[in-house]
Number of protein chains: 4
Amino acid sequence: MPHTPDPITTLQNINKLAHFNTWAGLEIVSASPGSAEIAIDWREEFGQYSGFLHAGMVGGLLDTACGFAAVTQVGLVLTSHFSVSCLRPAVGARFIARAKLIKPGKTQCFARAELFAINDDAEKLVATGEAIMVVTG
Amino acid sequence: MPHTPDPITTLQNINKLAHFNTWAGLEIVSASPGSAEIAIDWREEFGQYSGFLHAGMVGGLLDTACGFAAVTQVGLVLTSHFSVSCLRPAVGARFIARAKLIKPGKTQCFARAELFAINDDAEKLVATGEAIMVVTG
Amino acid sequence: MPHTPDPITTLQNINKLAHFNTWAGLEIVSASPGSAEIAIDWREEFGQYSGFLHAGMVGGLLDTACGFAAVTQVGLVLTSHFSVSCLRPAVGARFIARAKLIKPGKTQCFARAELFAINDDAEKLVATGEAIMVVTG
Amino acid sequence: MPHTPDPITTLQNINKLAHFNTWAGLEIVSASPGSAEIAIDWREEFGQYSGFLHAGMVGGLLDTACGFAAVTQVGLVLTSHFSVSCLRPAVGARFIARAKLIKPGKTQCFARAELFAINDDAEKLVATGEAIMVVTG
């Protein structure tokens, strides 16, 4: 991966390659070495049967944020394992996932993320996640 | 939830309510008490940056299969926690997730699922997952 | 459980009932509503095959710290699920686990913990963990 | 690690090096390429505050079984991540953990295990677990 000087540009370039992210309107909100923040605006097609954000979207945001936090420091990665704790119903006009790389490594990385639902400018923590990734390039 | 005599019909009725599932073209392949099998056909917008099935889709399929396996036996559920092990790149023309309820319960259920990529009628195990769910109705 | 005014005394009383904790010499270092800190001094019988702290001890410390953090706020709990990320070889003269309750609840709680190895007064993060618990009394 | 022709002997040799396993009286019950079965007899010092098998022992047995299943096929490993689902109170005169290697690999392995409590010759599934390991030699 051609690292650019600016982590946000690096992540935006990768983000464009992921069709799922493009479909979801996923934005890179901020990025610095070891950290990344991404967001989506709610759309009805993100919902599960009772109208909350679908587990696939919850997990996808948390894992993507973890992956992007890793990319800012170690280059491209693939996830080996991720887990999600669903603390509260994920209901919001917008969702922000913030991730931190806990342990970079040459072959394996560990990151952790939090997902917030935003309603009327108030943030509520709705889910947490963690990911283990292997460095690919 | 109005339980119907037929688990497949029960799941199809819930599936219709989940806009994410409808968007993904998620089908109920089979269902029996404590088991469920769901599938999607590959579409480009399911892809991550290198064209594999996105972690959000992998996790969404595994968690949904676990939830549906629970529904066949205990009624509606919400996931508290799920985890995903990504064994191999998820590349396929079609993906099938098969879940089993390991431990039903009045308040808490445990299920496990496997995700297979299908290419030319050959199935390959690409991910495994597990979910803990609370029974809601 | 008869809650005492002081969270440390509450945890010490429970700690005495757990024979595994007594065997390990597990100490309550600090406690406040929603937080707990526990420690053990290294002994050879805690080791795995290459002399690092055994996964059973790593997981036991992280899960116990999570449980104790919950007890300070919601009463007795039983773990439904816990997970452990082993970031670095757990080698130390002493180990401290610090946990925070992320989401209390009437039936279900979520907590997170970190395990530090201590050598010559320097702390190193060696593992992280999380636990989901059901409230029992 | 000097691989012996017999997987049980290989595991017994490693088992002797782990002081925690020796303390716990951990036995290798059976082993074959990709599988391992280990057991302990209940002792009071394995208990948590209400007398069930302590989470540290539950996790230690599940993770050790996963590690031993991997050793039979890929050589020595270290765990990166493991998780435990506690399905039922772990009460028994004896406990057996059975693990299978799901995905061997040159650098990373995935395994899954089940823990059974034995009372009067009847086995009951009390916990399940999974582990991701890196191959070290």
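This is a predicted model: local features need pLDDT of at least 70, side-chain atom pairs count only at pLDDT 80 or more; totals for chains, interfaces and linings use all residues.
## Contact between chains C and D

On the chain C side, 28 residues are in contact with 27 residues of chain D. The elements of chain C that give two or more residues to this side are the helices α1 (7-17), α2 (19-24) and α3 (55-74), together with the strand β3 (77-86). Of these, β3(C) gives the most, with 8 residues.

By class, the side of chain C that touches chain D holds 12 nonpolar, 13 polar and 3 charged residues.

## Strand pairing across the interface

β3(C) also pairs with strand β3 (residues 77-86) of chain D. The pairing is antiparallel and runs over 5 bridges. Within it, C:His81 stands opposite D:Ser85 in β3(D).

Most residues other than glycine have a negative phi. A:Asp120 is not a glycine, yet its phi is positive, at about 50°. This residue is found in the loop of chain A between β5 (108-119) and β6 (122-135). A:Asp120 counts as exposed because it has 6 C-beta neighbours inside 10 Å, and the cut-off for exposed is 12 or fewer.

In chain D, D:Asp121 likewise has a positive phi, about 70°, without being a glycine. D:Asp121 is found in the loop between β5 (108-119) and β6 (122-135) of chain D. With 7 other C-beta atoms within 10 Å, D:Asp121 is exposed.

Methods:
Residues are numbered from 1 along each chain as its sequence is written. Chains are lettered from A and ligands numbered from 1 in the order in which they are written. Two residues are in contact if their C-beta atoms, placed from the backbone, lie within 7 Å. Helices (H or I, at least four residues) and strands (E, at least two) are DSSP runs, numbered from the N terminus. Ala, Val, Leu, Ile, Met, Phe, Trp, Tyr, Cys and Pro count as nonpolar, Asp, Glu, Lys and Arg as charged, and the others, Gly among them, as polar. Two strands pair if DSSP finds at least two bridges between them. A residue is buried if 20 or more other C-beta atoms lie within 10 Å of its own, exposed if 12 or fewer, and partly exposed in between; C-beta atoms are placed from the backbone.
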